[in-house]
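Dear colleague,

I am passing on the structure below, followed by notes on what turned up when I went through it. Please read them alongside the coordinates.

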Amino acid sequence: MTLLGLQHMSIMYAGSVAVPLIVGAALKLDKPTIGLLVNADLLVAGIATLIQSIGIGKILGIRLPVVAGATFSVVNPMIMIGAQYGLPAVYGAMLASGVFGLIIAKPFAKMIRFFPPLVSGTLLVVIGVSLIGPGSALIAGHDTESPDYAAPSHIGLAFLVIALLVLFTRFLRGFASQIAPLLALAIGLVVAIPMGLVDLGGVSHSNWLGLASPFHFGAPTFPVAAVLSMCVVMLVTYTESTADLLAVAEITGKKLTDGDLARGLATDGVSAVLGGVMNSFPDTAFAQNVGLVQMTGVRSRWVVAVTGGFLLVMGLVPKVGAFIAAIPEPVIGGVAVVMFAMVAAVGVQTLRKVEYTGNHNTFVVAVAIGVGMLPAVALDRFGGSVFFAHFPHWVQTICGSPITVTAILAFLLNLLFNHLGAKRSADLEPAATSPHAPSDDVPDPAPPVEAPHG
C-alpha cells in the first residue's frame, strides 16, 4: 500500500507544484516565498486527497481513489488578479470562490443527468489529449527558444522510461506489474544521475519544518472583479472534476449518485477555502491519477489515502518535498504522457456507450473536440495559450483552457440536439438502413438504452 501510494504521489507531484512555481515566477516572488507556496500547495492537496478517499460523514468526500492537486485553471486568473490588486486580493477572491463552490455543489451535482457518456466521454478525451502538451514540456523543456530545448539526451531519457514502463507492464506479474510506473521512475532517476540531471542541493538547503502562517500576505481583500473571476474558475474546476469523478466511478464500478458527486465537488470548494487561508491553490481531481487507476487496476481508496498522507508530510517537511522535486522532469514526463493518454483512452471507452445511429451525436463529438482543442494548439514559446489573447480578460479566463471550451460546447450541444425539442431516434432515418450503407454497419441487437441521444 505504501509503494502504491508513493506511486500516485510521484505521478502527480510535478503537475501539482507547477502551479505555485508558475504563479510565483510570474508575480516575481522570491524563492523562499515560492517555497512556502509549494509547501502550502502540497499540504492542502494532502488534506483534499484524504477527504476524497476517506470521506467525512455525509458531508465531504466521494470515497473513491481520487487524488487532488492544484488546478491549472487558476493560473492565469491568479496572475492577472495579483498583478492588478495584489496577493491579498488573490487569496480573498479564492476564499470567496470556495464559499461559492460549497453553496453550489449540491445544485451542480443535480445536473449529472446532463453529463451523459456523450458529454463526459468527449470531455475526458480532450482532458487527456490536451495534457499531452504539458507532458511534452516536461520532457523537452518549457521555452522553445532555449538553447537546450528538446535536447536529445532528455528525449532519450524520457523514451527509456516509456520503454521500461511498456516492458514492465507486459512482462511483470502481480504486484510488480502494478508498480511498473514507480519502477520505471526509479530506474530513470538512477540513469539521470550520471547525466548530471539530478541536483540534491535543494535537500540540504531545505528546512525540516516549514509552513507559512495563515494569511501570510496580509488580510484578504475582495475586489468584485477578482471574486467574479475566481467564481468562474470554480465552475470550470467543477466541470473538470465532474468528468474525472465520473471516470473513476466507471473504472471502479461504483454507481455515482447526486449526493456522492456533491460531496466530491464540495471537497474542491473546501480546498479553495483552505487555499485562501493557507496561501495555497484550489484543487481538482488529477487526471493522470485517474489514468493510473485504470492502468494498474488498483482501485482501493486506501492506497490514495496513503498518497494524501505523503502529501501532508511533504507539505510540513520541506526536505522531503525537495527530494521528490529532484526527480528530473524528463523522467516524470515519460510516465506522465502515458498517464494522460490513459485518460483519453478512458474517454474513448466511455464514448463507445453512446448511441450514434439516427441522431447527431457524432457531430456533437466532432464540434466539441475540434473547437475545444483550438486553445491547446495555439501556443506561445512557453506553452501558454494565445488563441484568445486579444479578447477581454474574462473571456481568457473562461476560454483559455481547452477543457473549459470543450465542456461548455459538449454540454450545450447535447442540450441543443438531444433535449431542446429534438426528435427522438425513431423519428429519424437510421444511418444503418440507408441503401448505401454496408451490411456490417448494422448494429447488433442490444437492450434498450435509457437515453437514445446519449
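Ser271 sits in helix H12 (residues 258–278), helices here being DSSP runs of H or I with at least four residues, numbered from the N terminus. With a relative accessibility of 1%, Ser271 counts as buried (under 20% relative accessible area, with exposed over 50% and partly exposed in between, using a 1.4 Å probe and protein chains only). A polar atom of the Ser271 side chain lies 2.9 Å from the backbone nitrogen of Asp283, and, neighbours within four places in sequence aside, Ser271 is in contact (heavy atoms within 4.5 Å) with Val44, Ala48, Phe281, Pro282 and Asp283.

This is a predicted model, in which local features need pLDDT of at least 70 and side-chain atom pairs count only at pLDDT 80 or more, while totals for chains, interfaces and linings use all residues. Residues are numbered from 1 along each chain as its sequence is written, and side-chain values use heavy atoms, with hydrogens and water left out.

The pLDDT, the predictor's confidence in each residue from 0 to 100, averages 83 over the protein, and 89% of the residues score at least 70. Over residues 425–454 the pLDDT is below 50, although this stretch has 37 contacts in the model beyond near neighbours in sequence.

In helix H6 (residues 132–140), the buried residues include Gly135, Leu138 and Ile139, and just after H6 Gly141 takes a positive phi of about 125°. Elsewhere, Leu374 lies in helix H18 (residues 374–377) and is partly exposed, at a relative accessible area of 32%.

Best regards

Definitions and conventions
Helix = DSSP H or I, 4+ residues; strand = E, 2+ residues; numbered from the N terminus. Polar contact = N/O pair within 3.5 Å; in protein donor to acceptor, adjacent residues only side chain to side chain.
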